[in-house]
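Here are my quick notes on this one. Have a look at the model and then read on.

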Amino acid sequence: MSESRDFEKWLQATADATQAEPVPHWPREATFRESTVRQRRWWQQSWLPVASFACSALAVMAVVTQLQVQVTEQGFNVHFGGSLTEQQLQQAVAAQIANYGAEQKVELADYAANLRKDFREDIAAANQQLVSYVLATNRTERQEDMEDLIRYVNAQREDDQVYFEHQLSQVTGQLIEQTDLGGYPNYETKE
């Protein structure tokens, strides 16, 4: 805490000791060169803001007075204000609407043709995918059917082998019994 008080005392003493000093005298004219004033670029010229203001004023005047410029074969026609009559205006609007309607019919016809073409392409692609799927599924099913048939035939063979083995053992057993009895098949012993 004593350090902060010492610092405050030192800071106060330094502030009290500071005195205002006069600004030194120097040749202020020497800081600006006349050559930089004369060598301005074209966008730094004094006439540019005046020209900009004049162009803006001319644009505002053209809007306010409804300036109309028409290009014809003979040249330009400049009109101030609305020089069209109501009938001319109606004819111009009707012509623009007819032109717009014709453009829309052409665009709709193109759109319909493109839509039909896209629809046909989509249907063809879907059909191709369906055919590929059916063929792949059919091949898989045929392979599974063939595997089932082979399993069935193998199982049947095993059953037949067991059956024939059983038949063979019975016949062999009968032959052995007959051999034990004298070798005659219809021989019966009487006691």
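The points below go from the overall fold to a few local details.

1. Ground rules: this is a predicted model, with local features needing pLDDT of at least 70 and side-chain atom pairs counted only at pLDDT 80 or more, while totals for chains, interfaces and linings use all residues. Residues are numbered from 1 along each chain as its sequence is written, and side-chain values use heavy atoms, leaving out hydrogens and water.

2. The protein has 4 helices and 2 strands, in the order α-α-α-β-β-α. These are DSSP runs numbered from the N terminus (helices: H or I, at least four residues; strands: E, at least two).

3. The accessible surface is about 18,600 Å², 58% of it from carbon and sulfur atoms (Shrake-Rupley method, 1.4 Å probe).

4. Helix α3 covers residues 47–64 and spans 26 Å from first C-alpha to last, close to the expected 26 Å (1.5 Å times one less than its number of residues). Just after α3, glutamine 66 has a positive phi of about 55°. Most residues other than glycine have a negative phi. Glutamine 66 lies in the loop between α3 and β1 and is partly exposed at 46%.

5. Leu67, Val69, Val71, Phe76, Val78 and Phe80 make a nonpolar surface patch of about 650 Å²; β1 and β2 each give two or more residues to the patch. Patch residues have over 30% relative accessible area and no salt bridge, with nonpolar side chains joined within 5 Å (salt bridge: a Lys or Arg side-chain nitrogen within 4 Å of an Asp or Glu carboxyl oxygen). Phenylalanine 76, in strand β2, is exposed at 63%.

How values were computed. Buried < 20%, exposed > 50% of the residue type's maximum accessible area, 1.4 Å probe, protein only. Patch = residues over 30% accessible without salt bridge, like charges linked within 9 Å, V, L, I, M, F, W, Y side chains within 5 Å.
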